[in-house]
Amino acid sequence: MRLYTLSKRHFVLVFVVFFICFGLTVFVGIRGPKVIQTSAANFSLNNSKKLKPIQILSNPLSTYNQQLWLTCVVELDHQSKETSIQTSFPMTVKVDGVAQDGTTKYIHNKVHNRTRTLTCAGVKCAEIIVAHLGYLNYTRYTVTVGFEHLEHSIKEMNFTWKTYDPAFSRLEIWFRFVFVVLTFIVTCLFAHSLRKFSMRDWGIEQKWMSILLPLLLLYNDPFFPLSFLVNSWLPGMLDDLFQSVFLCALLLFWLCVYHGIRVQGERKCLTFYLPKFFIVGLLWLASVTLGIWQTVNELHDPMYQYRVDTGNFQGMKIFFMVVAAVYILYLLFLIVRACSELRHMPYVDLRLKFLTALTFVVLVISIIILYLRFGAQVLQDNFVAELSAHYQNSAEFLSFYGLLNFYLYTLAFVYSPSKNALYESQLKDNPAFSMLNDSDDDVIYGSDYEEMPLQNGQAIRAKYKEESDSD
């Protein structure tokens with residue numbers, strides 16, 4: 001691996017290049033457009049006293065808007081300024097699509113009824129998500145909202161449309177396309193560098209990189225432009241599936257590497273891989289189940305949210321947190337044991353230090369991004385339909401893709417074979433040079449680097465001199 005041939009100066013340069021590339025990605029995101037654009041909704045109040053239906057017509061939309069939210073903020077009258085209200089009330093929603101020719105078609109040919117909670121502190125109340133559409137089939141939508149059993153102290157209702165900014169959608173297309181091309185190039189170069197070596201000679205890091213790089217290609221989603229060409233939920237579902245598979249494969253990579261470095265012999269499937277696949281598989285199953293659960297329910301009900309089915313969601317959340325805690329404890333155990341047992345072995349110690357340092361940097365940056373995005377509520381009951389509306393700028397979105405892509409590119413560079421790796425392996429097959437080369441390898445990162453090669457060379461020359469004198 002090129003890792004063995006890098007000096008301290010080269011390692012510093014690798015980290016500097018990593019931070020520069022990641023910084024450029026964040027800078028592009030900061031200069032980019034906002035993710036979510038908002039517009040006030042114009043509505044008309046019907047004279048019906050039973051449901052008090054409000055018909056709201058959206059602005060013209062395109063596939064670049066990706067998704068659509070309708071939110072409502074209730075404003076109380078001045079008499080309730082010092083009061084706090086938290087009450088539940090039924091709300092009805094009916095969504096109709098308006099095609100380009102002006103014809104109206106039913107999206108969900110029925111009126112959906114859900115219970116919502118109104119939480120107010122002072123005059124204004126917390127925002128309520130009225131409806132959410134995961135993909136757009138029509139140029140405009142008409143949403144009919146009905147309220148029941150609300151108090152007369154409500155002064156006004158402010159409705160707002162939220163969609164993805166088309167400028168951000170175009171930036172996302174180009175951003176993903178660039179990373180798809182870069183990942184394809186890195187994958188081909190990495191595979192080309194290993195072509196002369198048998199797979200049994202690959203290190204465990206090289207084997208995993210040959211798996212992670214193709215999965216990174218799917219993580220960047222080369223099929224993402226289909227979301228703007230096909231009016232279907234399938235491209236979005238594939239994107240979520242690719243992301244969950246790559247992230248879980250990355251988690252499995254960390255477990256296998258920190259354990260596999262200590263186990264240099266045969267790694268049996270039953271004792272080595274099965275426990276790791278079981279833990280990470282549960283995490284993958286939970287994430288995919290939540291994604292499919294959300295998508296399927298939203299297809300049938302635009303008012304659906306996780307909090308509507310609180311019992312099942314809380315059970316899934318507890319299950320996910322328990323499995324995640326088991327994974328973290330297991331990973332920490334493997335890291336501590338590997339570092340304690342192998343810290344005096346020159347080659348293995350270098351592999352552990354590099355992977356741990358780079359992974360630690362990536363995790364710290366990820367935690368900072370999550371905190372800046374969600375604040376202290378990162379572990380509270382956030383939901384998919386609401387999270388997407390909390391992006392403030394493109395940097396918060398692009399930083400995740402840039403961080404993981406550059407992390408894998410850096411690992412691929414360091415774990416690829418060095419230029420003279422094949423030359424060294426051929427020399428070791430020659431008995432006349434085996435002692436000299438083995439001794440050089442043993443002391444590259446040792447303290448006797450200056451004197452050991454000289455001693456070995458003198459021994460070989462003395463041996464040949466004795467043979468010539470005897471002749």
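The model is predicted, so local features need pLDDT of at least 70 and side-chain atom pairs count only at pLDDT 80 or more, while totals for chains, interfaces and linings use all residues. Residues are numbered from 1 along each chain as its sequence is written, and side-chain values use heavy atoms, with hydrogens and water left out.

**Salt bridges**

- A search of the whole structure finds six salt bridges (a side-chain nitrogen of Lys or Arg within 4 Å of a carboxyl oxygen of Asp or Glu).
- One of them joins aspartate 96 and lysine 94, at 3.0 Å from N to O.
- Aspartate 96 and lysine 94 are both buried (under 20% relative accessible area, with exposed over 50% and partly exposed in between, using a 1.4 Å probe and protein chains only).

**Links between distant parts of the chain**

- Glutamate 205 pairs with arginine 351, their closest N and O atoms being 2.9 Å apart.
- This pair links helix H3 to helix H8 (residues 346–374), across 146 residues (helices are DSSP runs of H or I, at least four residues, numbered from the N terminus).
- Glutamate 205 counts as buried because its relative accessible area is 0%, and arginine 351 is buried at 10%.
- Aspartate 221 forms a salt bridge with arginine 176, with 3.8 Å between the closest N and O atoms.
- Aspartate 221 lies in the loop between helix H3 (204–219) and helix H4 (226–229), and arginine 176 in helix H2 (residues 166–193), 45 residues apart.
- Aspartate 221 is buried at 3% relative accessibility, and arginine 176 is buried at 4%.

**Network**

- Salt bridges link Glu172, Arg176, Asp221 and Asp239 in a network.

Technical notes
Helix = DSSP H or I, 4+ residues; strand = E, 2+ residues; numbered from the N terminus.
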